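I opened this model to look up a few things and noted them as I went. The entries follow.

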Amino acid sequence: MAYSGQRPSASTELSAPLPAGPSALADDFAAVLENATGHRSTIGCVIPAYNEEESISAVLQSLLAQTRVPDVIHVVVNNTTDATVKIASQFAGPHEITTDLGQQFTEVFVHDIGQNPDKKVGALNYGYALVEGYDYLLGVDGDTMADPHAVEYLETEAMSDSRIGGISAIYSIDDRPIKGLVAKFLIAGQRTQFAAFNLQNLLRGRNMAVLGGQLSIFSTTALRQVMTANHQTSPWVKDSEVEDSLLSLQIKSAGYLTKISPFARADVGGMTTLRGYDAQQVKWTYGSIELMWPGQRGDTKGQPFHPNLRLRWWENLGMLTNLFVRVAFLSLLAGSLSIGAFIFSPLWLIPPVVATLLNLRVAYSMKNRNGRDIAFAALLFPAEIFMWIRISHFLRSWTRFLSRKRVDNWAMQARAERGGGSAHWMPLVLLIAVIVAMGAIWSMLGPGVQSTILWIGWPVVGIVTVLQTLGMVFKLLRRHQGYAV
């Protein structure tokens, strides 16, 4: 029995309607529970899908190839303009699967909910209403391929401790199919970025700051408590640009643990264009700033002291430091050279050497590392260029936030992924403008003022650089406790 259709209207009726109330469970899907395997828990999988025709087949195949197959899989297609529904519907219906854990049964349902103003949040909540009677909700993005043991590992740990509200897998990106020099460069940078983030969370007692929607399992008991505590009719709300971060904060505030699995793994979809990566990162950073910022913007209250946001504060402080050191060093270097006052010291080579060693250690912590990952870290320049790209995202996010200009970052990301927009070039344009302006101002200053600026500036930059380098040394020497990301 497979379901595929559009949102119910006066002329269209969905075969499997959305449950009417927050505690309801559709009878059609309750029948799936009766056929569940002998596991002590039940898992309902929800896949929100938007224009995923290139990946949805592989996503479903990876779920059906799990050692622990979800008891039901709901593909919730929203706002699609491609063949996602048609391709996903090829998997619709019951599946009997023999795995290492024995004979298992699952059923795939495909729902085309049509135009959905709440986008991914609306699709997630639609799916939650279909699986709220299960013990766990497994959220999987429409471009995420799970390792064959991923669901088994997530379920095993979730069942081992009733305090766990959600567990995230370790994410990376499969770079084997990637073509093109720019795409390969961006994917290498994102693989390193994921590795560093995952490693930080693992070393913090496996306390996960963000239960990412790519592949995470949630206790439905915890989700119901979140809804009650926050007076919500659904677990996810559209108030935030980062719905997964907000839900993670709420789960933590409800007294549950948010963890990252040391074993469950998944490959997620990466951004292969500069404009797409820019839009994604600006949306994520902007949403994180909203959660961090004291006070309230709209319906979301900032929680600057929430334990799940400590890592975010350190990330933003680190980006600010990276920005200051690079801009100040280059400015002082140019000023010194212009008046013949620069004296080279080999001590300035220590920070880039330490940074390269740290990048290499992160690269070697990757379970599926390859030569491109090692080269990205060892050659210094790829990692440095990628850092400048991340700095541009940091600046655009904070500028957009502080301007209080209301924008639809979801729509801007979708547009960028389609190849539209040119906002990602704005930081470069502003940087050129700032360089020209600083050069003009510097040329108008007298020799005495120029010398004073250099006399004060170099020690300040030196002190900040020393402190930053010490921080990198501590990270370099920190034990990884056998974790591989």
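**Salt bridges**

I began with Arg-176, which is exposed at a relative accessible area of 68% (buried means under 20%, exposed over 50%, partly exposed in between, with a 1.4 Å probe and protein chains only). This is a predicted model, so I note that local features need pLDDT of at least 70, that side-chain atom pairs count only at pLDDT 80 or more, and that totals for chains, interfaces and linings use all residues. Residues are numbered from 1 along each chain as its sequence is written, and side-chain values use heavy atoms, with hydrogens and water left out.

What does the side chain of Arg-176 meet in a salt bridge? I found Asp-174, at 2.9 Å from N to O (a salt bridge is a side-chain nitrogen of Lys or Arg within 4 Å of a carboxyl oxygen of Asp or Glu). Asp-174 is partly exposed, with a relative accessible area of 25%.

I searched the whole structure and got 14 salt bridges. One of them joins Asp-161 to Arg-163, with the closest N and O atoms 2.8 Å apart. Asp-161 counts as buried, at 17% relative accessibility.

Next I took Arg-191 and Asp-373, whose side chains meet in a salt bridge of 2.7 Å, N to O. This pair links distant parts of the chain: Arg-191 sits in helix α6 (residues 181–203) and Asp-373 in helix α12 (residues 371–378), 182 residues apart. Helices here are DSSP runs of H or I with at least four residues, strands are runs of E with at least two, and both are numbered from the N terminus.

Are Arg-191 and Asp-373 buried or exposed? Arg-191 is buried at 4% relative accessibility, and Asp-373 is buried at 1%. Shared partners join Asp-175, Arg-191, Arg-372 and Asp-373 into one network of salt bridges.

I then listed the contacts of Asp-373, leaving aside neighbours within four places in sequence. They are Arg-191, Ala-363, Met-366 and Asn-368 (contact means heavy atoms within 4.5 Å).

**Sheet**

I traced an open sheet of nine strands, in the order β3-β4-β2-β1-β5-β8-β7-β9-β6, with mixed pairing. Two strands pair if DSSP finds at least two bridges between them. The edge strands are β3 (93–99) and β6 (145–146), and each pairs on one side only.

How do β7 and β8 pair, parallel or antiparallel? Strand β7 (residues 164–172) and strand β8 (residues 215–219) are antiparallel over three bridges. Ile-167 stands opposite Ile-217 in β8.

Helix α7 (residues 220–229) lies across β5 (136–140), β7 and β8. I read its angle to β8 as about 70°; axes are lines fitted to C-alpha atoms, for helices over the stretch in contact, and angles run from 0 to 180 degrees between N-to-C directions.

**Helix α8**

I checked the cover of helix α8 (residues 243–253) and found it mostly covered, with nine of its eleven residues buried. Among them are Glu-243, Asp-244, Leu-246 and Gln-250. Just after α8, Gly-255 takes a positive phi of about 95°.

**Nonpolar patch**

Last, I looked at a nonpolar surface patch of about 850 Å². Its members include Trp-425, Met-426, Val-429 and Ile-435. Patches are made of residues with over 30% relative accessible area and no salt bridge; like charges are joined within 9 Å, and nonpolar side chains (Val, Leu, Ile, Met, Phe, Trp, Tyr) within 5 Å. Areas come from the Shrake-Rupley method with a 1.4 Å probe, and for residues only the protein chains shown count as cover.

Val-429 is found in helix α15 (residues 426–444). Val-429 is partly exposed, at 49% relative accessible area.
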